[in-house]
Amino acid sequence: MTRILAIESSCDETSAAVCQDGKILSNVVSSQIQHSKYGGVIPELASRLHQQKIVAVVSMALEKAEIDQKELDAISFTRGPGLLGALLVGTCFAKTYALGLGIPLIDVDHMQAHVLANFLQKTPPEFPFICLTVSGGHTQLVLVKDYLDMEILGQTIDDAAGEAFDKAAKIMGLPYPGGPQIDRNAKTGNIRFYDFPTPRIGKYEFSFSGIKTSLLYLLKRNLKTNPDYISQNLSDICASYQHRIITILLNKLAVAVEEYGVKDVAIAGGVSANSYLRTKFREMCESKGWRAHIPAFQFCTDNAGMIAIAGYYKHLAGKHTDLYVTPFTRSK
Ligand code: KG4
Ligand code: ZN
């Protein structure tokens with residue numbers, strides 16, 4: 001039996017999880033709501049809050065899993081990408097814990113872990129498959145050949161999809177994180193209210209900064225004559241903005257799936273929690289005869305459960321790291 005304790009601290013979620021033979025026994029997530037009023041994550045505040053929370057979060061994860069620390073076989077942790085100070089807290093904690101217990105340490109790539117969250121589902125995808133990974137910092141089309149063998153086919157050349165949601169929310173005076181706010185408001189809105197632009201770029205490239213600028217100009221233009229323009233049209237603006245982003249994501253995903261001829265298709269990352277994306281993704285896969293895979297809601301946004309499953313596969317492959325390992329901030 002293999003038991004792994006996992007730690008995630010790359011951004012604004014302090015999380016710990018325990019998995020046993022690839023099954024999650026506990027997944028504790030403490031979200032730093034303190035950033036909400038700033039419209040984004042304040043890096044220094046994030047690392048301090050990780051420091052304050054990490055001991056309690058790890059204890060709770062062990063307690064919920066009903067596992068004693070002496071029963072652990074390895075510790076996995078998010079090495080990157082993420083905020084340096086935030087990553088350092090998890091990295092130092094994981095190193096110290098592994099050293100104290102005399103067990104192996106496993107470094108995990110956060111973006112690979114998002115993809116592998118799909119293996120926490122009852123029916124996991126079959127290799128090879130294509131995964132659209134959409135988070136606050138990344139937008140990637142990934143060809144997944146095996147658990148630890150992934151090829152990035154394309155990514156964003158400017159803002160990430162989640163960032164486009166967060167920045168739009170900030171412009172409209174909604175709190176951080178903006179994705180869930182826009183998702184909620186869009187539910188009753190008209191997707192045809194405003195025609196946001198589709199960027200003309202490479203086949204597998206993404207760009208969202210033009211859409212965000214287009215929103216900014218739309219608001220500026222209308223607020224001049226109507227100061228209540230945002231509140232009067234919020235659901236329609238959110239619906240049409242969200243519709244454009246999700247349509248771009250799904251169209252590019254479809255091109256990749258057709259070109260690579262795979263039958264299994266997945267989404268992952270914080271934006272995969274978006275209700276419109278989940279619905280449209282399922283509809284697209286059904287109409288094309290593809291098998292759709294979406295992580296459970298709790299494994300879409302940042303969580304240590306995905307770091308545990310990624311750590312499990314690395315452990316099986318004997319891929320451990322040494323105590324001199326340092327975090328990396330940008331995608332590898
Ligand atoms: O994966 P994640 O938790 O953290 C990163 O690795 O970045 O993703 C966070 C992102 C944020 O930009 C947040 O606004 C977005 O995921 N997000 C959503 C939804 N829930 C979270 N975006 C759209 N709709 C949602 N329901
Ligand atoms: Zn993430």
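Predicted model: local features only at pLDDT ≥ 70, side-chain atom pairs only at ≥ 80, totals over all residues.
Local features are given where pLDDT is at least 70, side-chain atom pairs count only at pLDDT 80 or more, and totals for chains, interfaces and linings use all residues. Residues are numbered from 1 along each chain as its sequence is written, and side-chain values use heavy atoms, without hydrogens and water.

Start with an open sheet of five strands, in the order S3-S2-S1-S4-S5, with mixed pairing. Strands (E, at least two residues) and helices (H or I, at least four) are DSSP runs numbered from the N terminus, and two strands pair if DSSP finds at least two bridges between them. S3 (23-31) and S5 (105-109) are the edge strands, each pairing on one side only. Within the sheet, S1 (residues 3-8) is parallel to S4 (residues 74-80), with four bridges between them; Leu5 stands opposite Ile75 in S4.

Two helices lie across this sheet. Helix H2 (residues 84-101) lies across S1, S4 and S5, at about 160° to S4. Contact means heavy atoms within 4.5 Å; axes are lines fitted to C-alpha atoms, for helices over the stretch in contact, and angles run from 0 to 180 degrees between N-to-C directions.

Now turn to strand S6 (residues 129-134). Six of its six residues are buried, meaning under 20% relative accessible area, with exposed over 50% and partly exposed in between (1.4 Å probe, protein chains only). Phe129, Cys131 and Thr133 are on one side, and Ile130, Leu132 and Val134 on the other. S6 pairs with S7 (residues 139-146) in the antiparallel sense over six bridges, and the two form a hairpin with four residues between them. S6 also runs parallel to S9 (residues 264-268), joined by five bridges; the partner of Thr133 there is Ala268.

Technical notes:
Chains lettered and ligands numbered in written order.
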